[in-house]
Amino acid sequence: MYEKVLSAMGKMQKEKLLFGSSVTVTKENLEEVMSDAFIKKTGRMGL
């Protein structure tokens, strides 16, 4: 599912469409969503 979302975001970015996202932080994903890699990746996507 995550890869499909990233693909859709890439397509919207290519078409210069305005979009956003939200992330629900849980104890299971806290380390991942707070990681430098995740933050940089979302930054590159314009989020």
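**Exposure and the model**

A residue is called buried when its relative accessible area is under 20%, exposed when it is over 50%, and partly exposed in between, with a 1.4 Å probe and only protein chains considered. By this scheme lysine 16 is exposed, because its relative accessible area is 74%. Lysine 16 sits in the loop between H1 and H2, and although it is not a glycine, it has a positive phi of about 60 degrees.

The model is predicted, so that local features need pLDDT of at least 70 and side-chain atom pairs count only at pLDDT 80 or more, while totals for chains, interfaces and linings use all residues. Residues are numbered from 1 along each chain as its sequence is written, and side-chain values use heavy atoms, with hydrogens and water left out.

**Overall architecture**

The protein chain has three helices and zero strands, where helices (H or I, at least four residues) and strands (E, at least two) are DSSP runs numbered from the N terminus; the order of elements from that end is α-α-α. Along the principal axes, the C-alpha atoms fill a box of roughly 35 × 20 × 15 Å.

Of the 47 residues in the protein chain, 15% are buried. The accessible surface, from the Shrake-Rupley method with a 1.4 Å probe and, for residues, only the protein chains shown as cover, comes to about 4200 Å², of which 58% belongs to carbon and sulfur atoms.

**A buried loop residue**

Phenylalanine 19 is found in the loop between H1 and H2, and it counts as buried because its relative accessibility is 19%. Its C-alpha atom is separated by 9.0 Å from that of glycine 46, which lies 27 residues away along the chain.

**The largest pocket**

The largest pocket has a volume of about 190 Å³. A pocket here is an open set of points on a 1 Å grid over the protein atoms alone, where a 1.4 Å probe fits, with protein on both sides within 12 Å along at least five of seven lines, and lining residues have an atom within 4 Å of a point. Grid points are joined across faces, edges and corners, and the volume is the space filled by probe spheres set on the points.

Helix H1 (2-14) and helix H3 (36-44) each supply at least two lining residues, and H1 gives the most, with four. The lining includes Tyr2, Met9, Phe38 and Leu47.

**Leucine 30**

Leucine 30 belongs to helix H2 (residues 30-33), and it is partly exposed because its relative accessible area is 43%.
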